[in-house]
Amino acid sequence: MGPHIRSDENDWHGLEIVSRGANRLCARDPQDPAHCLKFELPPGERTQVGLRQRMRRWLGRHVPRFGENRTELRAYRRLRARLAERTDGYLAACHGLVATRHGTALRCDCVLLADGSPARSLYRHLFEGPRLPAAKLCAAVDAFEAWLLENGIPLFDLNAGNFVVVPRGDALALVCIDAKSVLSGKEILPFSRWSRRLMQRKIQRRAQRLRQRIADASAGPVELAGRPPSH
Ligand SMILES: Nc1ncnc2c1ncn2[C@@H]1O[C@H](COP(=O)(O)OP(=O)(O)OP(=O)(O)O)[C@@H](O)[C@H]1O
Ligand SMILES: [Mg+2]
């Protein structure tokens, strides 16, 4: 990371922020509006997380290969190698690590709306708005779940911050912008007896939990929805 300079809501070292996650900051790529740059945040700028994630962060700090950007890139490449164009429309492409004035970043396709602005995460739609119809969002979860099951993809981190929402015809679709969970659990604790059936059940449970969160968040006004942690 480069020297830390004060940052405000929309600007970080002069870069336009797309959004902040628990561990990384996503900014528009000043050289290409179709791309974004993800930076791993220094420890002091990250959100508070539970023990499991703290261990993961410790590992990322001490073993470069386990940093969030390297893990996401490896996960994306592995999925792309297996699925080729079947990732299109479901997974934002990662292009590689790039050196910038502000430190190393992961360059990805920025998922954009028709007007050229970045698509908002499902999390923001639920807890900040603008509100979208819960039935359409749940249908988008169904479609994503079906894609995971059809292709046997062990993506379990189905939290609302890892998806952005885009219109697709009359429907809505979810695009995953963070596939690192395909690897992050497994590389530390390999599930030697991991079966396809167990994997499917876990995906179904996580998708159901996400639909439930959509239903809960949609039951009240945005201001009263509160802001539960993004995981
Ligand atoms: N490719 C992308 N296109 C559009 N927006 C993106 C993209 N990648 C990230 N974002 C935005 O940045 C936010 C944080 O991204 P990301 O999940 O990669 O960070 P993170 O710190 O790894 O998150 P966490 O550790 O909380 O899962 C997303 O919720 C999304 O709004
Ligand atoms: Mg994420």
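Modeller: A residue is near a molecule if its C-beta atom, placed from the backbone, lies within 6 Å of it. This is a predicted model, where local features need pLDDT of at least 70 and side-chain atom pairs 80 or more, while totals for chains, interfaces and linings use all residues. Residues are numbered from 1 along each chain as its sequence is written, and chains are lettered from A and ligands numbered from 1 in the order in which they are written.

Colleague: Which residues are the closest to ligand 1?

Modeller: Ser19, Gly21, Ala22, Cys26 and Ser121 are the closest of the 24 residues that surround ligand 1. By class, that shell has 12 nonpolar, 7 polar and 5 charged residues.

Colleague: Why is Asp178 called buried?

Modeller: A residue is buried if 20 or more other C-beta atoms lie within 10 Å of its own. Asp178 has 28 such neighbours, so Asp178 counts as buried.

Colleague: What is Asp178 in contact with, leaving aside neighbours within four places in sequence?

Modeller: Contact requires C-beta atoms, placed from the backbone, within 7 Å. On that basis Asp178 is in contact with Glu72 and Asn162. Asp178 itself is found in the loop between strand E8 (171–176) and helix H5 (181–188); helices (H or I, at least four residues) and strands (E, at least two) are DSSP runs, numbered from the N terminus.

Colleague: What makes E3 and E4 a pair?

Modeller: Two strands pair if DSSP finds at least two bridges between them. Strands E3 (residues 24–29) and E4 (residues 32–40) are joined by 6 bridges and run antiparallel, and thus meet the criterion.

Notes: Buried ≥ 20, exposed ≤ 12 C-beta atoms within 10 Å, placed from the backbone. Contact = placed C-beta atoms within 7 Å. Nonpolar A, V, L, I, M, F, W, Y, C, P; charged D, E, K, R; others polar.
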